[in-house]
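Dear colleague,

Please find the structure below, handed over for your records.

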Amino acid sequence: MSDNGSVKNNWEPRIVAFFCNWCTYTGADLAGISRMQYRPNTRVIRLMCSGRLDPQFIMKAFREGADGVLVGGCHPGDCHYQEGNYKALRRITLLKKMLAQMGIEEGRLRLEWISASEGDLVQKAMNSMAETIRELGPLNLAEIPTPHSHDKEPVAAGVEGGA
Amino acid sequence: MSKPKVGFYWCASCGGCEESVVDLAEDILGVVDAVDFVFFPVAMDFKRSDVEAMADGEMAVCMINGAIRTSEQLEMVELLRKKSQLIIAYGACSSLGGIPGLANLYSKESLLKAAYGDELSTTNPDYTLPQTEIKVKEGMLDLPELHDDVKSLDMVVDVDYYIPGCAPPVRLLKNALTAILEGNLPPKGAVLAPDIAVCDECSLNKTKPEKMLVSEYKRPHQDHIDPEKCLLAQGFLCLGPVTRQGCDAACPSVGMPCTGCQGPLGSVVDFGAKALSGIASILDSNDADEIAKLFDEIPDPAGTFYRYSYPKSQLFRRTNFKEETK
């Protein structure tokens, strides 16, 4: 976290991707086997289904240093579990709206439908996400105060721009 | 044998938590028999100097309600922490930041501007803002400073137990007092309320459909509420499924959706994110545009899902954040 923002020139976006096992993760595998190059900013976490993605995981990713979160699921109608991807769609749509109130730009959270045969779309999504986050800059969350940290007040909201 | 000493203090709160002590009704006589109130600014005339004069750990327990957002509140709770063996975060504001915690959605500057400038009922042509000192003819007066952030009690001092609720249900206060007097307390850090969802004790639970799906979201003023049917199934934003019980489902049982004041279940890390997850996933639509449109009926998700717990969001807040423009 500490390297966020302070060394602006060396800063690289950190993106956490949650890919579903049946479509997007397999698509990412295909991208790998096909030797497609993409920017190395993304760390992929495999879930069985995008419907397994609890919004708390997204919040945790941001808290632990992600500047952006990319979610990949099966195309509508293709979910291995019938409707998991629709649940992801509903949750992420509402979550984006709530994050906007919290000062988190819409571009930091992205949902993509990518099938197992669309390795090129994985490549494209990873590259364009990295580009978006680079433009948005580091997320810079304030540290969660603890009884031992409060004597030095966290940097005031809206006072210091990290980006 | 001398009676255990008890303190009750308030920070950024509305006074409702004190009201819950009054709600003990005649049982308060039993409480007064069993303990000595040594600090209770709302009800009794004790001063800060009385607390300062106490030995460290002299109080057996001090219940503190309200969020922490001024220098005075911080000083007081640090002092009370020293003087009390147990500190209990009493109520939603103290435990989770509460409704005052929603101030973290804005910068201090814009809060002050709204309260002392833009508000329709405010006349303040010189835009005078609260100062931390003022010179009067008797000398200089110090006033507390407003912090940049609203914090829960456990963000500034060590907290032993939590009693949730806005205000806490009398039953929880009674149970806690009994547990303290009998020395029968759970491990440190526990929330003194059952770790089961509100739905479990809700009288409407039996009307909950097998598969929960709603075609629209409604707020209580927008439609007739059928008080005999699960409110969530009717499309009202009832947060019972993610909220801890202990309140006898007081609100949903009389046809008012749960707003989550009892705070998260033990398994929930981030109340707002989890509540949002549950509410969003039951929408009966698979079309991206339609879904976005139906969410227009939730105009303020942060205020809806984090109503009592925004400072406890995993994000806490951004340092370089731009407020959403209205």
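**Confidence and findings**

Chain A has a mean pLDDT of 89, with 86% of its residues at 70 or more; pLDDT is the predictor's confidence in each residue, from 0 to 100. This is a predicted model, in which local features need pLDDT of at least 70, side-chain atom pairs count only at pLDDT 80 or more, and totals for chains, interfaces and linings use all residues. Residues are numbered from 1 along each chain as its sequence is written, while chains are lettered from A and ligands numbered from 1 in the order in which they are written.

In chain A, pLDDT stays under 50 over residues 1–5 and over residues 154–163. Where pLDDT is low, the predicted coordinates should not be read in detail.

Helix α2 of chain A (residues 55–63) has seven of its nine residues buried, that is, with 20 or more other C-beta atoms within 10 Å of their own, C-beta atoms being placed from the backbone. Helices (H or I, at least four residues) and strands (E, at least two) are DSSP runs, numbered from the N terminus. Among the buried residues of α2(A) are A:Phe57, A:Ile58 and A:Phe62. Their cover includes α9 (271–281) of chain B. Just after α2(A), A:Gly65 has a positive phi of about 115°.

Chain B holds an open sheet of five strands with parallel pairing, in the order β2-β1-β3-β5-β9; two strands pair if DSSP finds at least two bridges between them. Its edge strands are β2 (36–39) and β9 (161–163). Strand β5(B) (residues 84–90) joins β9(B) over three bridges, and B:Tyr161 is the bridge partner of B:Ile88.

With kind regards

Terms used:
Contact = placed C-beta atoms within 7 Å. Buried ≥ 20, exposed ≤ 12 C-beta atoms within 10 Å, placed from the backbone.
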